[in-house]
Amino acid sequence: MKLVEAIIKPFKLDEVKDALLEIGVQGMTVTEVKGFGRQKGHKETYRGQEYTIEFVPKVKLEVAIQDNQVPRVLETIARAAKTGSIGDGKIFVRDLNAAVRIRTGETGETAL
């Protein structure tokens, strides 16, 4: 089992969610996050004053999947989240040692 974490632009969330649902991904967790990478934030002007916004708003999407789904899920997220501009995001894949469906007590891949 794997846990895929994608940090994407907030306005791409619906597109990524719909694309994942189309390939059979059944559940996900979404968290609003802030951070910066190579872009190191951006500047905004408010009432004539220029401000540097160091932490850019992003969305973190987490999906627990079976090992054989990894390539398709990565390709789907990357395709749906891509704008071609700086700050499109990152995708991380972690090993998932255990999963338990609390309601039924199912464990492992059947809990996904």
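A: At 31% relative accessibility, Lys17 counts as partly exposed, a class that lies between buried (under 20% relative accessible area) and exposed (over 50%), with a 1.4 Å probe and protein chains only. The model is predicted, so local features need pLDDT of at least 70 and side-chain atom pairs count only at pLDDT 80 or more, while totals for chains, interfaces and linings use all residues. Residues are numbered from 1 along each chain as its sequence is written, and side-chain values use heavy atoms, with hydrogens and water left out.

Lys17 pairs with Asp18 in a salt bridge whose N to O distance is 3.6 Å, where a salt bridge is a side-chain nitrogen of Lys or Arg within 4 Å of a carboxyl oxygen of Asp or Glu. The structure holds 8 salt bridges, and another of them joins the side chains of Glu15 and Lys12 at 2.9 Å, N to O. In that pair, Glu15 is partly exposed at 42% relative accessibility, whereas Lys12, at 8%, counts as buried.

Arg94 and Glu5 form a further salt bridge, with their closest N and O atoms 3.3 Å apart. Because Arg94 lies in strand E6 and Glu5 in strand E1, this pair ties together parts that are 89 residues apart in sequence; strands here are DSSP runs of E, at least two residues long, numbered from the N terminus. Arg94, at 48% relative accessibility, counts as partly exposed, while Glu5, at 7%, counts as buried.

Conventions. Helices (H or I, at least four residues) and strands (E, at least two) are DSSP runs, numbered from the N terminus.
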